[in-house]
Amino acid sequence: MQRDSNLSASGTPRVRHRKRSSEVVPDSGKENGDKLLANDRNKYKSMWIRANSTVWMIGGFALIVYLGHLYITAMVVVIQIYMAKELFNLLRKSHEDRHLPGFRLLNWHFFFTAMFFVYGRILSQRLVNTVTPDRFLYQLVSSLIKYHMAICYFLYIAGFMWFILTLKKKMYKYQFGQYAWTHMILIVVFTQSSFTVANIFEGIFWFLLPATLIVINDIFAYICGFFFGKTPLIKLSPKKTWEGFIGASITTMISAFVLANVMGRFQWLTCPRKDLLSGWLHCDPGPIFTPEYFSIAGWVPQWFPWKELSILPVQWHALCLGLFASIIAPFGGFFASGFKRAFKIKDFGDSIPGHGGITDRMDCQMVMAVFAYIYHQSFVVTQSISVEAILDQILQNLTYEEQHALYSKIGEIIQERLVGRS
């Protein structure tokens, strides 16, 4: 009878010891290659789901932009709420929350306090410009703006005291962890999104162009990686490839130059909003949106119909925005990828089919919005004092009686100068 090779001479089962020297260590490059979109067997199905969601998002986004500044700001507020919800839920533990009734409400108290503080500072002057000359309403708005910081401070202190009074034994570590996590969310969400709202009221152009460049970069990084991606870009995002990164960068730069020329010719996109109304805007476009013409007659054949090239100066600024959107802004996505890996999750949420959550779509947008605002204030806006800036300071910092006294005094000075000239 033939002895089983798995049994030892004594009849006991033979224990097989694995030899470490013979183990095959998987190649990390091969692992990354298997995760690339070009090698994904289900890529066409996922592409269809992603494309369908993208069309709906772009269509809804275009409609909101058409409606104007207030609707875009409302969209940003809704996005902030969804982002906060996804991030609040990331470290939430249902077992601990059952022993802390009302603790989630405290997080939202801090959230809306931060919202009141940020938007109060950004929109206060525009609110003053919107209210009617009615004395009571004007005084109410002026008082609200004057004591805005004090109101926000006491709202925060109320939340701070609420937190201290709800501390429970054996729950301290969880509660203080949630307290710190809540403040980090407020910094990440509001510090960056506040720049988005500021860009909107500086002119929809300064919000729409950077946001569109991020969308274009994301779409073409996906398409180029889908068809041509072979070389992994970064370990944090295994599906990102150099082919997708380079292809998206070239497309984004071209799109930035072209889109700036198109968007810069519409006043309702370029005019800043000084109030909280929803009407169409008309203003002096300024030199940055005034076309400059360059002769190209010596560069094109005789039969070519165009002999001049019209370029807006803002197109050169758009190239800088496109360069940032191509090279730097994707690191916001890499940061989010590393963050998700740290918490061992695939997406921040599942509200957008094929894309994950709202936070998954806004990682690069937040980085881009901050840069767009800083670039606009540093290299586009003139630093000289304007009549509008002086009026803003007068309306914001002087009472109704002080404004009336200033108006009378300026009238007297102008009258004296007219008499002296005559």
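1. Phenylalanine 343 has a relative accessible area of 29% and is therefore partly exposed, a class that lies between buried (under 20%) and exposed (over 50%), with a 1.4 Å probe and protein chains only. Phenylalanine 339, at 18% relative accessibility, counts as buried.

2. This is a predicted model, in which local features need pLDDT of at least 70, side-chain atom pairs count only at pLDDT 80 or more, and totals for chains, interfaces and linings use all residues. Residues are numbered from 1 along each chain as its sequence is written, and side-chain values use heavy atoms, without hydrogens and water.

3. Rings of Phe, Tyr and Trp (its six-membered ring) are paired when their centres lie within 6.5 Å; planes under 30 degrees apart are stacked, over 60 edge-to-face, and the rest tilted. The count by this rule is 34 aromatic pairs. Phenylalanine 331 and phenylalanine 334 are edge-to-face, because their ring centres are 5.2 Å apart and their planes stand at 80°. Phenylalanine 339 and phenylalanine 343 form a tilted pair, with 4.9 Å from centre to centre and 45° between the planes.

4. Phenylalanine 334 has a relative accessible area of 6% and is buried. Ring pairs also join Phe110, Tyr156, Phe163, Phe176 and Tyr179 in a cluster.

5. Asparagine 261 is buried, at 16% relative accessibility. Leaving aside neighbours within four places in sequence, asparagine 261 is in contact (heavy atoms within 4.5 Å) with Ser310, Ile311, Leu312 and Gln315. The side chain of asparagine 261 reaches the backbone oxygen of serine 310 at 3.2 Å.

Conventions: A polar contact is a pair of N or O atoms within 3.5 Å; within protein, one must be able to donate a hydrogen and the other to accept it, and residues adjacent in sequence count only if both atoms are side-chain atoms.
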